[in-house]
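Good morning, and thank you for coming. Please look at the sequence and the structure while I speak.

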Amino acid sequence: PVVSFIANSYPALAMALAVIFLGERPTRLHVAGIACALVGLYLMAGVEPGQAIAPGIALVFLASLGWAISSVASKKLTVTVSSSVIVAGRHLLAGLLAVPLMLVGGAQIGQATPVTWAALLGMVILSLISMQLYYMGLRRTTVSTASLLEAFTPVVTLAISALFFGESLGGVQLLAAGLVLLGSVLVTVQIQRLAAPAVAEE
């Protein structure tokens with residue numbers, strides 16, 4: 001649970017890095033949205049008071065930090081590079097780096113069934129579409145806003161699990177989902193406020 005919370009708390013890291021390296025100035029609504037989302041993710045992960053921190057926590061934190069750095073770097077790239085090029089380059093490089101890791105890990109590619117390959121293909125297609133939409137949105141907004149809206153992902157996962165796999169949601173999970181949703185709404189309200197003057201000028 002602690003690992004899940006840390007892995008999904010990267011929006012706060014992304015906002016901090018965006019302030020330092022991109023000069024972004026999050027508004028009070030952004031900060032409030034981050035706070036609501038983090039509390040919701042904390043509850044969703046089921047972190048227990050006094051729970052021991054495993055050594056792997058540091059690795060998960062580094063992974064979360066890496067994703068935050070990636071968001072900041074991607075924002076800079078979107079200024080001069082199209083979203084399609086970024087997505088293609090990212091997946092191409094990821095694929096090239098993954099092959100040695102699979103070989104070292106002893107992956108038995110020949111034993112994969114047609115169902116496995118079909119599932120992998122579906123995951124790749126969904127990943128391409130999702131990343132394309134993400135970079136298109138990142139070009140038009142700030143890292144702080146984009147990263148916070150991404151925090152809504154676990155809520156969607158909970159909904160899909162309940163709808164398609166029959167998993168039951170407890171009161172704490174529903175409260176957590178509501179807090180994350182509230183955080184996303186606060187950011188959406190801020191976006192509308194910023195967009196209103198531009199529309200009025202037109």
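This is a predicted model: local features need pLDDT of at least 70, side-chain atom pairs count only at pLDDT 80 or more; totals for chains, interfaces and linings use all residues.

The second largest pocket holds about 240 Å³ of space. A word on terms: on a 1 Å grid over the protein atoms alone, a pocket is an open set of points with protein on both sides within 12 Å along at least five of seven lines, while a cavity is a set of points where a 1.4 Å probe fits but cannot get out. Lining residues have an atom within 4 Å of a point. Grid points are joined across faces, edges and corners, and the volume is the space filled by probe spheres set on the points.

Residues are numbered from 1 along each chain as its sequence is written, and side-chain values use heavy atoms, with hydrogens and water left out.

Which residues lie nearest the centre of the second largest pocket? They are Ala98, Met102, Trp117, Leu120 and Val124, out of 10 lining residues. Helices H5 and H6 each supply at least two residues of this lining, and H6 gives the most, with five. Helices are DSSP runs of H or I with at least four residues, strands are runs of E with at least two, and both are numbered from the N terminus.

Let us turn to the largest pocket, which has a volume of about 360 Å³. Its lining has 14 residues, and Trp67, Ser130, Met131, Tyr134 and Glu150 lie nearest the centre. Helix H5 (83-104), H6 and helix H7 (143-150) each supply at least two lining residues of the largest pocket. The lining of the largest pocket divides into six nonpolar, six polar and two charged residues.

Next, the chain as a whole. The protein chain has nine helices and zero strands, so the pattern along the sequence reads α-α-α-α-α-α-α-α-α. Of its 202 residues, 29% count as buried, where buried means under 20% relative accessible area, exposed over 50%, and partly exposed in between (1.4 Å probe, protein chains only).

Ala18 and Val72 are 54 residues apart in sequence, yet 6.2 Å apart in space, C-alpha to C-alpha. Thr153, in helix H8 (residues 153-165), is partly exposed because its relative accessible area is 46%. Ala63 belongs to helix H4 (residues 56-80) and counts as exposed, because its relative accessible area is 52%. Between Ala63 and Tyr10 there are 9.1 Å in space, C-alpha to C-alpha, and 53 residues in sequence. Finally, Leu133 is found in helix H6 (residues 114-140), and Leu133 is exposed because its relative accessible area is 55%.

Conventions. Ala, Val, Leu, Ile, Met, Phe, Trp, Tyr, Cys and Pro count as nonpolar, Asp, Glu, Lys and Arg as charged, and the others, Gly among them, as polar.
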